[in-house]
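Look over the sequence and the structure below before reading on. The notes after them go from the chain as a whole to a few of its parts.

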Amino acid sequence: MKRILAVLFFLVAQNTFAQTSELIFVFLNKQTDKAELPEAEVKKIMEGHLANIERLAKEGKLISAGPFDAGGGIFIFKSRSIAEVNEWLSTDPGVKANRWRVEVLPYFPRTGSACAVGETYEMVTYQFIRYIPNIAKFNIQHAPETFKKHDDYLKTIIKTGNAVAEGTFGDSEGGILVMKGDLQREVIETDPAVREGLLEIEIQKLWIAKGGFCEK
């Protein structure tokens, strides 16, 4: 049932926003139980991680990438295949060393997208909100109309001009909202789907090259 309602949420969103299916979003989630390694070894792994990012970008595979302030980060790849992206990720020393918990998801942008930037770029920070579905017996009855309210609420946020990017991860993995400027947590918590417990939220500060979400 959880999957059915998540699909419904995605289909409602489809009717409202244009989207593409040619991007794959990767979360490098912070590992709280990762192995303790000598400092020199961690440095070597991270140097290899950054070199691998540069190589994948030059090959036109990796479009955008950035770290979170609290650890971990994101990749956005140009691909329609999760298997293909997993193959590319297997060349990353940090992924091979299990330094992060990796999630690989199809990405359907509805505001903004993913754009490669030149070798000279400015790093900026954005507020990165992730919406995670949480369907349960207590909220299942009104889920379809609540998800519609969520979609409408996102539109009001986007109209403020502070939304850099917004999109979903397909049929059951929720979505993201990327905002510039200061963000009051109450703005996100006021979302009807968040208030009613249908969506859980994670808010982090993301560092990324300006233009990585096709913003000007």
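The model is predicted. Its chain has 216 residues, of which 45% are buried. The secondary structure comes to seven helices and eight strands.

**The chain as a whole**

- The accessible surface is about 11400 Å², and carbon and sulfur atoms account for 51% of that area.
- Taking contacts between residues at least 6 apart in sequence, 78% join residues that are at least 24 apart.

**Helix α2**

- Helix α2 runs over residues 39-58, which makes 20 residues.
- At 1.5 Å a residue the helix should span 28 Å, and its end C-alpha atoms are 29 Å apart, so the two values agree.
- Which residues of α2 are buried? They are Ile45, His49, Asn52, Ile53 and Leu56.
- These residues lie on the same side of α2, because they cover an arc of only 105° around the axis.
- The cover over the buried residues of α2 includes strands β1 (23-30), β2 (62-67), β3 (73-78) and β4 (100-111). It also includes helices α3 (82-89) and α4 (93-96).
- On the face turned away from the buried side, α2 carries the exposed residues Glu39, Ala40, Lys43, Lys44, Leu50 and Lys58.

**Strand β8: Ala209**

- Ala209 is found in strand β8, which covers residues 199-209.
- Is Ala209 buried or exposed? Its relative accessible area is 11%, and buried means under 20%, so Ala209 counts as buried.
- Leaving out neighbours within four places in sequence, Ala209 is in contact with Val117, Tyr121, Glu122, Met123 and Glu215.
- Ala209 and Ser64 are 145 residues apart in sequence, yet their C-alpha atoms are 7.8 Å apart in space.

- Trp207 has 35% relative accessibility. Since partly exposed covers values between the buried limit of 20% and the exposed limit of 50%, Trp207 counts as partly exposed.
- Together with Val117, Tyr121 and Met123, Trp207 forms a nonpolar patch on the surface.
- The accessible area of these four residues together is about 370 Å².
- Val117, Tyr121 and Met123, which belong to this patch, are also among the residues in contact with Ala209.

Conventions: Residues numbered from 1 in each chain as written. Predicted model: local features only at pLDDT ≥ 70, side-chain atom pairs only at ≥ 80, totals over all residues. Heavy atoms only, no water. Patch = residues over 30% accessible without salt bridge, like charges linked within 9 Å, V, L, I, M, F, W, Y side chains within 5 Å. Areas by Shrake-Rupley, 256 points an atom, 1.4 Å probe, with all protein chains shown as cover. Salt bridge = Lys/Arg side-chain N within 4 Å of Asp/Glu carboxyl O. Helix = DSSP H or I, 4+ residues; strand = E, 2+ residues; numbered from the N terminus. Buried < 20%, exposed > 50% of the residue type's maximum accessible area, 1.4 Å probe, protein only. Contact = heavy atoms within 4.5 Å. Expected span 1.5 Å × (residues − 1). Arc of directions from axis to C-beta.
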